[in-house]
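Okay, quick one from me today. I'd like to go through the aromatic contacts, so let me put the model up.

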Amino acid sequence: MPTLLRLPALLIFGVTSLAACTAAGPDAASTSSAVNNSRHHAAAYPAARKSNHTDDYHGTPVTDPYHWLEDPDSPETKAWVTAENKVTFDYLARIPFRDQIRTRLTQMWNYERYGVPQREGEYLYYQKNDGLQNQAVLYVQKVGEEKEAVLLDPNKFSADGTTALAGTYFSPDHRYLAYATSGGGSDWQKLRVLDLQTRQPLTDELEWVKVSGAAWAGNGFYYSRYDAPKAGESQLAGKNEFHKVYYHQLGAPQSADKLVYEDAKMPLGFRYAGTTDDERFLIIYLTDGKADGNRLLVRDLNNAKEAGRFQTVGSTYEHNHSVVGNVGGKLLVLTNHKAPRYRLVLVDPAKPQESNWQDVLPQTEDKLEEVAQVGGKLIATYLKDASSAVKVYSAKGEFERDVELPALGTASGFGGRPDSREVYYAFTSFTYPTTIYRYDLTSGQSTVFRQPKVAVNPDDYVVRQVFYTSKDKTKIPMFIVHRKGLKLDGQNPTYLYGYGGFNVSLTPSFSIARMLWLENGGVLAIPNLRGGGEYGEAWHQAGMTPRKQNVFDDFIAAAEYLAIQSYTTPDKLAIAGGSNGGLLVGATMTQRPDVARVAFPAVGVMDMLRYQKFTIGWNWAPEYGTSENYHQFQNLYKFSPLHNLRAGVAYPATLITTADHDDRVVPAHSFKFAATLQAVYAGTEPQLIRIDVNAGHGAGKSTKLLIDEWADIWSFAFYNMGLNPYGKQAKLVK
């Protein structure tokens, strides 16, 4: 899951006692004796030194005994990581059917997968993975021909396949491609340039790029970066401050790049550059790290009088604004100002006040998710109960037709140039493998461009959407997927996945990894929790600070609904989520440890009192609040997973997952949570942490690492539910 970048719309990201929180008493090495006697575990957890580090929050002392795990580069942390991985992988290796699951996943994963093509002149550019390649390859194909050629192969970027193609940015004249790479899963990127005529790389190489695109104008492009880390500062954990926008001219060294925008008085916040397709307007998106929206700075590049100044669109940071395109001298802006479900407005940069904005696509009952200006049309994607509805309008906002989609699911893409006569889009659903379509703007007809051949039969499954009641009586939608003919006897292994934050919408999508769970009789349940973007900004704000508890209540209510409706029982339920969803799982298992048998908190935000001190964590303050504010500290302290672990509690069998190169949610969150959990837990269920090496928050993870991780997740889930997908019952190894 995307995410936690929180760059709006344009990028697509009770308190227990202190003694109980810090597990006063024996350290992890000695308290592991109970686990050592468990039928589930065969080795003591690694010793984790306890320090006497204490932080004072508004007069409340909070001890942080594993504070030293925040330094990812220290020999002590590295030794702890190695020791934890040994315990975890020794445990996983004892699961008798783990190899069978990995083999089956490898078989299932081996099918061609395509990205949405982008047409540039007479050529189509698209990504394709032929099955088991670690990274998708960028191909080029001449329109009307079948022959395709490799343009960029990220599998050759690094020996182990962990360097990914992180972004592609074509120049409007179709001559150049700027592309971003990221290594080992880090958010740090490098920008390079390819000549599309010669298909040879240029010498340009830009470093320390983060939260950036490449916005073309003239003989170069605008981009965003930070200063290089100072000597002794961690590249993966240090706080990122003073984001700046530069202009890079092709062929020039990075040292010659022109500084376009900075704010020396505002260290926090993103400054992200974009240009309109005709290269007339430069737009800089500004966030401030405090509010949840953004402002726009606009410069008319055709007007020499504006060379040194910008016009401001959006008077505050309280609303989201993103530029879709322009109509002559006016901008088309997608905004939630006075429209929590979003609207499209026309803004004159010379008169940018909100009172002068003109509606092009007014707000409707459904959330307006995206708008593309292409081929003289406006293609608008709406969300209706978390599924896509796509409509085509004239340039003036007059409705023309609906785009007929194959089923309830998710459609994305529809991008193109002003002269395009066709666009491409992807459609996917839980049992509908991602298929690429070509859409003719004149006829309104969709035809298949690429359709994958998957080694499973999606027709064997059923998808339902239900609405259940949360603690405060709010109705919450949830998708439930399972094999046809499922018996509602309460004994079905069920995987409950959630996110609930940052305006992120969980819409139907195909996952080959989840198909293994489904084909073995598992149930997949995905609720659309508050905090997400499925119903617009009001739904989002209902799950933000100080109302974050609503999200956890919604998730717990989903688990209870699945039991009440006899899909499963707590003994056959796994709860899962990543990033902000990792926080969700951590908070759920500490508040209601009885709700599930298995817990999978992935790359989670577990220390809610210190998250803002690392990399871009400060950017999540509008979502969570911070411990610097007294009232927000009180709220955070109530649900922070790290600070609500208690001795003597029977927590679910837990497999924490993180990665050593995660510089978005730094692994210290998971490290400290794991060390504390192992120290306080005295039950018989495994409390493990799985730490990927040379991987990050999730984006760009190699196919091999994905297969290995999912094999371990499903093995751990089945095994701790006492099930064997290749037999009637799993034999638990002592």
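Start with the ring cluster: Y91, F97, F600, F716 and Y719 are joined up through ring pairs. Keep in mind this is a predicted model.

Let me pick out W517 and W714. The ring centres there are 4.7 Å apart and the planes sit at 20°, which is under the 30 degrees cut-off, so we call that pair stacked. And which parts of the chain does the pair link? Distant ones: W517 sits in helix 6, residues 512–519, while W714 is in helix 13, residues 703–720, and the two are 197 residues apart.

Are those two buried or exposed? W517 comes out at a relative accessible area of 1%, so buried, and W714 is at 0%, so buried as well.

Now another pair, Y535 with W539. That one is edge-to-face, with 5.0 Å from centre to centre and 65° between the planes. On accessibility, Y535 has a relative accessible area of 24%, which makes it partly exposed. W539, on the other hand, is at 12%, and since the buried class is anything under 20%, W539 goes in there.

Which ring face does R113 lie over? That's Y111, with R113 at 5.2 Å from the ring centre. There's also R299, which lies over the face of F310, and here the distance to the ring centre is 4.0 Å.

Technical notes
Residues are numbered from 1 along each chain as its sequence is written. This is a predicted model: local features need pLDDT of at least 70, side-chain atom pairs count only at pLDDT 80 or more; totals for chains, interfaces and linings use all residues. Side-chain values use heavy atoms; hydrogens and water are left out. Rings of Phe, Tyr and Trp (its six-membered ring) pair if their centres lie within 6.5 Å; planes under 30 degrees apart count as stacked, over 60 as edge-to-face and the rest as tilted. Helices (H or I, at least four residues) and strands (E, at least two) are DSSP runs, numbered from the N terminus. Buried means under 20% relative accessible area, exposed over 50%, partly exposed in between (1.4 Å probe, protein chains only). A charge sits over a ring if NZ of Lys or CZ of Arg is within 6 Å of the ring centre and within 35 degrees of the ring normal.
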